[in-house]
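Colleague: I am new to this one. Could you show me how to read it, feature by feature?

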Amino acid sequence: MAGRETRAVQPEIERARDLISRGGVVALTGAGISTDSGIPDFRGPQGVWTTDPKAERMSDISYYLSDPDIRRRSWQNRLSAPAWTAEPNPGHRALADLERLGLLTDLLTQNIDGLHQLAGSSPQIVVELHGTMRESICMTCGDRRDMQLVLERVRAGEEDPECTECDGILKSATVSFGRSLDPEDLWRAEKAARSADVFLAVGSSLGVYPVAALVPVAARDGAQIVIVNAEPTPYDELAAAVIRGSISEVLPQLVPPE
Ligand code: NAD
């Protein structure tokens, strides 16, 4: 570990770019790829939970379902979420470039902001493991709608809008703590990790399971692991290259020249 900390960044970038240029890359992204687009992460030094530990309750399904006040606050937060005006940054665009070059086959993301698709990544290769904030879902009947339609109702004065089909509780179509991931999404992600030649983990503290376990799964089945993150992660020891730096500066340097 100490050896890694003292390794210079540039040789690690060159090693990572060489691995990536051979193709068969599967990427896993976390909140850190979107901080340079103005969307704070949860656990980084300026993260939402680091600066306000009570905010974690908003993401816990049992509090959300049982407490109308938490729901009212959640709807107000959704109205003003930075993601509605955020633009993709060079980190998102570098991953779209890797796909265009035929090097990236799957883009697994813990993010709910939809910025990969806005950057030009094909929806078919993006697996949103923690769901999307761009749709609402009814907790009773499962009805899904464009989130903007529900936010219109909140703007018009409904503090805790109910499902128009069954009066159930609505929330964003994201996976809250205490809920399981969509089994089909998890299956796709595991299949991709097992078949990866290079597994590129970007902007995640790799502390949220089961997604973090994709790193050792990929390594066990022969993938070279590349980690790009400002802080150490529990899987740095498994990696062929660990790059500590700004994601929006580092990722464009990992795209091989055409
Ligand atoms: P995390 O908050 O646990 O970790 C983010 C990591 O990225 C940290 O280790 C931090 O040091 C690093 N980082 C932040 N900005 C960086 C930058 N510019 N350059 C390099 N490194 C940077 O994030 P997580 O592991 O993805 O888990 C949080 C969960 O919260 C996710 O599962 C996701 O569902 C949700 N979330 C999503 C968003 C989003 O969609 N943008 C934002 C916040 C949280």
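Modeller: Start with the contact between two domains: 10 residues of domain 1 touch 8 residues of domain 2, where contact means heavy atoms within 4.5 Å. This is a predicted model, in which local features need pLDDT of at least 70, side-chain atom pairs count only at pLDDT 80 or more, and totals for chains, interfaces and linings use all residues. Residues are numbered from 1 along each chain as its sequence is written, and side-chain values use heavy atoms, with hydrogens and water left out.

Colleague: Which residues belong to domain 1 and which to domain 2?

Modeller: Domain bounds come from an automatic or database domain assignment. Here domain 1 takes 1–39 + 87–130 + 181–258, and domain 2 takes 51–85 + 132–174. Their C-alpha centres lie 29 Å apart.

Colleague: How is the size of an interface given?

Modeller: Often as the accessible area lost when the parts come together. Buried area is that loss (1.4 Å probe), summed over both parts. Between domain 1 and domain 2 it is about 630 Å², with 57% from carbon and sulfur atoms. The side of domain 1 that touches domain 2 has 4 nonpolar, 3 polar and 3 charged residues. In this scheme Ala, Val, Leu, Ile, Met, Phe, Trp, Tyr, Cys and Pro are nonpolar, Asp, Glu, Lys and Arg are charged, and the others, Gly among them, are polar.

Colleague: How many salt bridges cross the interface of domain 1 and domain 2?

Modeller: The rule finds 0. It asks for a side-chain nitrogen of Lys or Arg within 4 Å of a carboxyl oxygen of Asp or Glu.

Colleague: Is Leu206 buried or exposed?

Modeller: Leu206 is at 1% relative accessibility, so it counts as buried. Asp167 is at 55%, so it counts as exposed. The cut-offs are under 20% for buried, over 50% for exposed, and partly exposed in between (1.4 Å probe, protein chains only).

Colleague: Which residues does a cis peptide bond join?

Modeller: Tyr209 and Pro210, with omega about 10°. Tyr209 lies in the loop between strand S7 (198–202) and helix H10 (214–220). Helices (H or I, at least four residues) and strands (E, at least two) are DSSP runs, numbered from the N terminus. Tyr209 is partly exposed, at 48% relative accessible area.

Key:
Buried area = accessible area lost by both parts, 1.4 Å probe.
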